[in-house]
Amino acid sequence: MSEPIRVGLLRLVDSAPIIVAQANGLFRNQGLDVQIHIEPSWSNIVDKLSYGVLDAAVMLPPLALAACAGLRGPKARLVVPLSLSQGGNAIVASNEAAVSLTENGAAPRLRLQEWLHLQQNRPRFAVVHAFSTHNLLLRYWLASGGVDPDRDIETVVIPPENVVEALAAGDITGFCAGAPWGDVAERQGVGRILIGTSLIWPFHPEKCLCASEAWADANPEQLNHLLRAVLRAQISCDRPEEAPAIAALLADPNGLGLPEEASRAALPGGSGAELIRFYTREAWFPARAHARWFLGQMQRWGWLEDQTDINALAAQVYRPDLLAPAVEGEGLYPAADLPALEGTAMLPMPDDEAFAPRGRNRS
Amino acid sequence: MKVLLADDDAERSGAVAHVLAADPDLTVVRLRLNQSLAEAVDALAPDVVLVDMARPDRDALDGIRQVAAHNARPVVLFVDEDDPAFMEEAISAGVSSYNAIGMPPPDVKPILRAAVALFRRHRQARDDLRQAEDRLNERSIIDRAKAVLIKQRRMSEPDAYKWLRRKAMSGSRRIVDVASELIKDMKGDAG
């Protein structure tokens, strides 16, 4: 066996495919020695990938793209050969705000402007990272209700396990975070889920597997075996009958130590408001259309310059070509048919008609 | 130039502060316990922020201009593009640095270099201590296993050790693993 592959992840339910692949010997069956590194922050993950301290990691797609676009220092060279999960996030508001926003049974976003006028201070919303699916979907949703997320509200970054506490303490008005925190807020009675992000963008990509480009280029065989093992793990993570065992595995105090009941609620077949999907509906496919949407939103908010070539950047970072031998090798999908998956109804885009942007729109 | 030190390890941050205090141009301020990184940057307005990478709230500084568009001071990760080896060294040591100043950028590298050196020394000391503890712990496990063999199988001490060693070698395992398994089995029998 060669050098171990160093894979980074955070203590989150959507890290499950990597944890399952390790525990069930799927990496070993592929002849791989994988070392899992549990990191405390997304910044650590992206810094370690950029400087060769990690080879691959569970990642937020917008953060991978932002790093490669040079939005957090010199342009990083990272690739996304696999999507890991879909859905699982919720936009949550304090009880008081939720009551006002859902008055008369209206869609909360249609009441946003009216509610804002009644506020004495700018409402404060928490997200898990600036360059996260959570932040971009929250901003998209707010803008669809006529709110300018830069002018009308304040955004803060709080680690997901602390958002419920911050909401209870009145430090924030609401948050957008992954499972299980929306359900936890409801169960503790400190807030209510206004909308699950899958209602904004059905089957939206959530986490991806990201690798350092230098490592991927130098180790194509290892990458292929890594992807095959993770794909197998994604299939088993998607089976409702496996969910209790996976929730127990994620609760292992020597591993991620996640609350078992809450993980169970977010896994397939669970009772949570927003469920995570790992494999079905082509959840594994790293669609360049997804990358273009994230980059387009970054441009909309003025983070990326207007002349940035979004198509080129999406094609540089999102690499379904690297996945082709793995899906074919596992007998899951014919490699030649992969490019045709882009833009099909299997992978819908956000519902622009229902969420027509009323806010600042630079495009 | 004001340096904010965000490190909850009192001993290590004391050492870093002490070293930086030798430079009369630097004022070192420390994060209060339970104060968040973003709050401290806002309240203390430092020029440079040195951060222990084990902090989960480091994400709050990443892309601060993207979340707090209007009132925030620009905060950017310090990266020496010409010296990737040094950047890797800093990341491996577990310390990162941010510039919280517009123009001109301060000369941060010597400050970060001093922090990296102290973080590495600190980690080395901790690893050494852990290894010493592990060795002591292993020794006591093997002694307890030997005592079991001496008592239950009436072996002499050298024979007990030889027995453990032979069992370890035939199974390509470490003696301490064989010993702890033996102790566990005895406990199981007793229960």
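Before you start, residues are numbered from 1 along each chain as its sequence is written, and chains are lettered from A, with ligands numbered from 1, in the order in which they are written. Because the model is predicted, local features need pLDDT of at least 70 and side-chain atom pairs count only at pLDDT 80 or more, while totals for chains, interfaces and linings use all residues; side-chain values use heavy atoms, leaving out hydrogens and water.

**Stop 1: where the chains meet**

Select both chains. Here 26 residues of chain A are in contact with 23 residues of chain B (contact means heavy atoms within 4.5 Å). The buried area is about 2,200 Å², and carbon and sulfur atoms give 58% of that; buried area is the accessible area (1.4 Å probe) that two parts lose on being put together, summed over both.

Now pick Arg72(A) and Asp62(B). They form a salt bridge, with the closest N and O atoms 2.9 Å apart.

Next, colour α3 (42–50), α7 (133–144) and β7 (154–157) of chain A: each supplies at least two residues of the side that touches chain B. The largest share, five residues, comes from α3(A). Helices (H or I, at least four residues) and strands (E, at least two) are DSSP runs, numbered from the N terminus.

**Stop 2: the sheet in chain B**

Move to chain B and show its strands. An open sheet of five strands has the order β2-β1-β3-β5-β4, with mixed pairing; two strands pair if DSSP finds at least two bridges between them. At the edges are β2 (27–30) and β4 (76–77) of chain B, each pairing on one side only.

Zoom in on β3 (residues 48–52) and β5 (residues 95–99) of chain B, which run antiparallel and are joined by five bridges. Click Val49(B): its bridge partner in β5(B) is Tyr98(B).

**Stop 3: two backbone spots in chain A**

Most residues other than glycine have a negative phi, and most peptide bonds are trans. With that in mind, select Ala179(A) and Pro180(A), which are joined by a cis peptide bond with omega about 5°. Pro180(A) sits in the loop between β8 (174–177) and α9 (181–187) of chain A.

Finish at Phe203(A), where phi is positive, near 60°. Phe203(A) lies in the loop between α10 (197–200) and β10 (208–212) of chain A.

Note on methods
A salt bridge is a side-chain nitrogen of Lys or Arg within 4 Å of a carboxyl oxygen of Asp or Glu.
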